[in-house]
Amino acid sequence: MLALSQLPHTRAHRNNKMAALAKVARIVNLTAVRRLIGIPGTTGRGAFITSFVGDSLRFTEKRIPPVISRHLSVVAAIEHDKSSVRDQRRPATTDPISRQLQVLDLQVQRWGRVDNEEVTNIIAAMEKAGEVSSQLTKALMVLPCLGALMVYKNVVLVGEVSSQLTTSSHAPGVSYNVSHYNAALRVQLENAVKVNAATFLANMESNQIIPNRITYQLLIACYCENGDIDGASKILEHMKSQNLSINEVVFNMLIKGHMKIGDIEGAKSVMETMRGSELDPSAETYKTLMCGYAERGDVDSIQQVLANAETDGVVLHPRHLFEVLFDLVYHGHPEHMSVLLPQIRMTRSYNQDAANCMFRLVTHGHDDAALQVYLTMEKPSSPEQQGHLGRVLLRNMVLKQRPLEKVLEFMERLKKEGLSTDNINMLGLWAIKFDKPDYTLQIFRKMKEQDMPVKPHYFWPVFRSFQASGNREGVYEALKELAGIVKVENETVITLYRYATVAMQHLGDDVDTIVAKLQEAGFSEPSVNCIRVMLSLKEGNLAQAANIAACGDTFLSPSLLKAQLAAAYAKSNHDAVSAMELLRLTQEVAGEKLLDLNSSVISEILQNGSLDTQQVDQLLDACIEKGLHMFAGIKAKLTKILETHDESSRLIEKLNKIALMGGEERRAMQQVNLPAKEFMRKSVPQLEKMLEEARSHNANTKAIEKWLLSKCCASGDVERSNQLKASLDSQGFVYNAELLRQLGYLAARTQEDLGLALKYKQQMESQHPDFSTYVSLVLHIAQLQLKAGAVPDAIQTLRDYSERHGDELKKGGFSDNYILADICESLLATCREHCPPEASTEVVKTLFDLGYMKRGTFSMLTQPIKAHIEKEDAAGMLKILEQTVTEFGRAPMFSDIFRALIHKEDADRLQTAVDLVTTVHGEMNVLLHLVFAFIECEKVKQAKKILETPGLRAVMSVLRDGCQRFYNSNMVKEMDQLVDITKDLFAIDRDEMLFQQIRLCAKNGDYTKALDVYASYEEQNVLPRTRTLRYLAKLLQSHDQEVPFEVPTTAQTGEQLRADSAEEEQAIKFLKAGDINAFLTLKQKSESDGAAFSSDFLAELARIIRGDQKTFKMYTYALAEAGEVDSLLVIRQQNLPNTLDHFVHQRIFNAYVKAGRVEELLDYLVENPSLLHKYLTTKGLMKLAETQPHLIAKVELAVEKSNADVTRLDVVTHLFNYYCLTDQMDKADQVITKYPLLRDQMRVMFLCREAERQNKEDILKKLVDVMKESSKRRLSMPYSHLINLKCRENDWQAAMGYFREAESNGVTVGDMWNVALLSLEEQLLNNSQPLPWKVCSTHTGPSFMERI
Amino acid sequence: MSGNLRRLFVGNIPWTVSQFELKQYFAKFGPVRSASIIFDDKTGISKGYGFVSFANRDALSSTVNHSDHELDGAKLNLQAVSPKQRNTRIDTDE
């Protein structure tokens, strides 16, 4: 209910935001689109950029709509928070460490920063987990987070963290690769740790790891960081000699190096060199230069660089300038901030970048600068949120435990600006949540000064926190604070007992110390005594507790006693008198009867069950003696317990004295009928059965019949419905609204009887005017009317309902009208078929206006649009688009329209189309689709310009769709361009984009390119997800390439399966539905497409369907048939139940055979013969013999070795079966001779069946021979099969012969297999032969004969 | 004697409110048998929700019928805890 009522609100809310977004984006975009189209490809690049960038910079300078624009990015943050994270990736794993890592990953994607607590938590968790080698992959994933992403960092912490990591990483037997070294190097670099390049390289070399381009780049950075240009140059020379490409990153570092040593000319000359090598200085370059100036506080030069950048047409993002700003403040020039701040562009990412800068400033103690940055951030305009805006800064200051006075000063300031409505309470909550107990106490003190209430429970987290950190002094400190506040006695003692004393005892204080400390802190006598009582109780010393309590000045807390007394009683060896005395004293102190307390304690004691009769007696006596009473309500329950004792009547009598004679017991009315829910769950057959039973008892069956009728109507069973209705009518049943609806529904949908349906509808409407949930009945009736061509009638029907129950249509339940979409569509189809074309429009309009249908499926609308696109009729396209948009709020095929218009270079119309579609899909989606369209039409520059629209952010679901489109159509160039130009898009999930690029490489088998893409992960400092690594590894392996990284397996990371592609998604769907065949077709198809499922994926699929044993077996069987050894090996490790485990082992054998790799397995089994029984099956052996008969020898060898353990006969049985079935009787004989136990213990069922199936009489005879001495029951088996075999051949004499032979060998008819006897009987009767047994007429079926 | 019928879930309780204050507040509407706020046992921090049991059904209904409940500046979310929510709608085509 709650969710439903909130739904429209949030939607409306979002719509407002989107409208605001649209407004802003349009201001820039209208001109942009027109301009883009106006000069298609004819103008040179530079000119174009200047014109556009000039435009947008001007926009920034003027800051035309600062309010809206500010609003924008906060909206972005909020929206992003809500939606796109959801559509990106949900942490879905069971392993806590992996989960934390995923959270970390998400943080990086969303905010561009990580929380140092997260990182330290993960490291702590890894340390706890202990096994370094298994955690290593994870540890290395954390490494990159320790660098620039940690805006909250302080150097000491990072140093600790990274050294922790690196030390725990240095585990033996762990393989490193070059990217691990690079990551470590980057961390040290970003944390200003000095690195000696020579030692680092030597270290790498000693571990036989070859440095790559990134390593050298980082080393250059290290030298430059220290201003060692010579060192950097040496590395640069080396890179050149190795023919490694030298990119912009390297130049930027060199500039940095020059700036470090104050060599401005040198820096400038590097820039010249860059230009000379046809590398244009980028935003990063300018930033580096400016940071250099910032260190010296040279704000004029910074201004100059900014101007240069503008003339060069380079767009500087907020993050660049915020870095400069940070450097200014950090190096002691905060006075220049005000010059730089207004020059930062208000783009989408402004708030995030400003926040990152602000947090760094707070971390380094520059509070005032942080406040200044904060005040420039964009704030939403809605007044309800205003009051919380200041929290982002204040919270952070609390987190960093900045001086409280400063925080309060800022809070006041923000209050005046209308940015905060919080008071000091809030600071307290944050301090608690951030686990800063000392700081929390400071805040409490301040609160007291300001006459704010400080309540005992505020101290709970403080005590817990000090306890956890082992800070005894902290606990005492908190005690003093607690004693100094005005309080409610009960709450104080609860705090003292549950929190303070727990902490003190945990830290090793004994009872005397605790009491002394409490007194010292200044707690009142009654409180301290209460704690003494409770501590005695805790030890089970009831007598002592009662003594202290009796001494007069003691407070007794009912809630504490309630929780403790029963347990103390048990511990005290059933000291009933003291326990009851305590209860009595508590009532005395409270001055009232505490029935609740008494009832709860006494019933808990009695229910514990371990009391003997004497103890119960004592307890009840003590109760009576102390004059205690209980609620009458629990008497019944306790009586039951007392009944189990001897002399129960005496005990119960006592109980009656204690339990107050309350009002009458209220028993829950026993429901004769099943609740409606129960009926609803029953299926038709179940209900029929219930009905039958009820009738046989002559019970009232109306309820069952009613439900049955309802169900039959829904399933369209006309005949049964009529029967039931007749029966109900005869009983004078009054139909309720639901049933009338059901009957009407049956009439309209199944019987297609308009008159009848209308009759029911009218009856329902007149009898139950308030009943409203019958929309689909209305639609079905309207459909019937349309079918009859009666358009006005149909429309009237729809109107009628809307007039009666319009609210129902508007109600939340139908807001996503997909439930009705199918019926509406079928109704429209009927209309198209049976009515004139105008009618369709009218009906659609009616459905739409009345709210039957909202943004449902309008698939029919695509058809005319398609026709116009094919005709290249731009005007027509727009006309129909306009119509669908304005009338139905839909914009089908808009991408196709965009492309068509771009091809036609029709700027005006494209603009109109964009505007139209925007009203439907919102600015973000439309702009991104426009980007795709431009790329596809080979107009990348225009696409790039669109991406620079302020306020635009990545909507990953849309981008993924775009990638998927390029993937499907194999548009390599387009994909590359898309991935490249979206690099700086706000909120982009880089891993996803690069992964899509890799996927396309894989599709084309281009592994070299895929490796290039992988390198760009490192360069861009993007963390590849495990699925990406696995995917890439698979690609490389399939091309026999070495994988340059450790491949994480799903088992290691504990991830849950996520589909990476549409195919995988489908595979999951098929298997979940148990449709193995569809899955296999899909698998084959994807293999022939060159995108085979990875073995990891296949193994994970098994995990999904494990609950469904049948599908699981079919699935693993299919895998074995496909020779998927690797997948099966992983599945084997999934902790399967025994039966499945065995099954999977056997499949593994078969898979090895199928894959032609069985020799590996056999060699292993020869070494480990004790495992043989798990793998071996007769069928497996047969298959092996078919493909590689020479390997049977190895099996024989393994069997021989395995039989050291003689009880393992199943292995030998398989071998025996195999020999028999392949006509090697002599070998079979040898087996029997060698293992005589087989005669009595071999399982023969399988062989018998197989032999009979293959008509191999000799095998069966052999079995008879082998088992002659065995039990008759066993011997009956080959005989039965022999008889059956002969009967199948219609040879009754031979069959009879075997029957007699069996008899003569002592096998009785009763032992034999019924099926064989039945066949024999049939044969004998057909041939008019007497039966060798008596027929017993009363039985039917296979057990029809009376056994002799 | 199903006490559940008189039980109330209370959400959005600010951390500053103690169990005693919660009980006091709801006692305005009728006799309260017990009131509790759920605290995280490990950290001692309030989880922001709790339960109130009334001594009779009238107290519960008068509480629920009262439209706005506010404590320490926060609007409370109330929801009667019923033993089983009966769903009487027939499952049909809709």
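**Notes on rings, cysteines and charges**

1. Starting with chain B: B:Tyr49 comes out as partly exposed, because its relative accessible area is 29%, which falls between the 20% and 50% cut-offs. Keep in mind as you read on that this is a predicted model.

2. On to aromatic pairs. Searching the whole structure turns up 22 of them over all chains. One to look at is A:Tyr774 with A:Tyr801: the ring centres are 4.9 Å apart and the planes sit at 80°, so this is an edge-to-face pair. A:Tyr774 is in the loop between α42 (754-767) and α43 (775-787) of chain A, while A:Tyr801 belongs to helix α44 (residues 791-810) of chain A, so the contact ties together parts that are 27 residues apart in sequence. Both tyrosines, A:Tyr774 and A:Tyr801, are buried.

3. Back to B:Tyr49, which pairs with B:Phe51. That pair is edge-to-face, with 6.4 Å centre to centre and 90° between the planes.

4. Two arginines sit over rings. A:Arg360 lies over the face of A:Phe326, 4.0 Å from the ring centre. A:Arg1147 has its charged end over the ring of A:Phe1143, at 4.4 Å from the centre.

5. Lastly, cysteines. The search of the whole structure gives 0 disulfides over all chains. A:Cys530 counts as buried because its relative accessibility is 1%, and A:Cys1248 is buried too, with a relative accessible area of 0%.

Definitions and conventions:
Residues numbered from 1 in each chain as written. Chains lettered and ligands numbered in written order. Predicted model: local features only at pLDDT ≥ 70, side-chain atom pairs only at ≥ 80, totals over all residues. Heavy atoms only, no water. Disulfide = S-S within 2.5 Å. Buried < 20%, exposed > 50% of the residue type's maximum accessible area, 1.4 Å probe, protein only. Phe/Tyr/Trp six-rings, centres within 6.5 Å; stacked < 30°, edge-to-face > 60°. Helix = DSSP H or I, 4+ residues; strand = E, 2+ residues; numbered from the N terminus. Lys NZ or Arg CZ within 6 Å of the ring centre and 35° of its normal.
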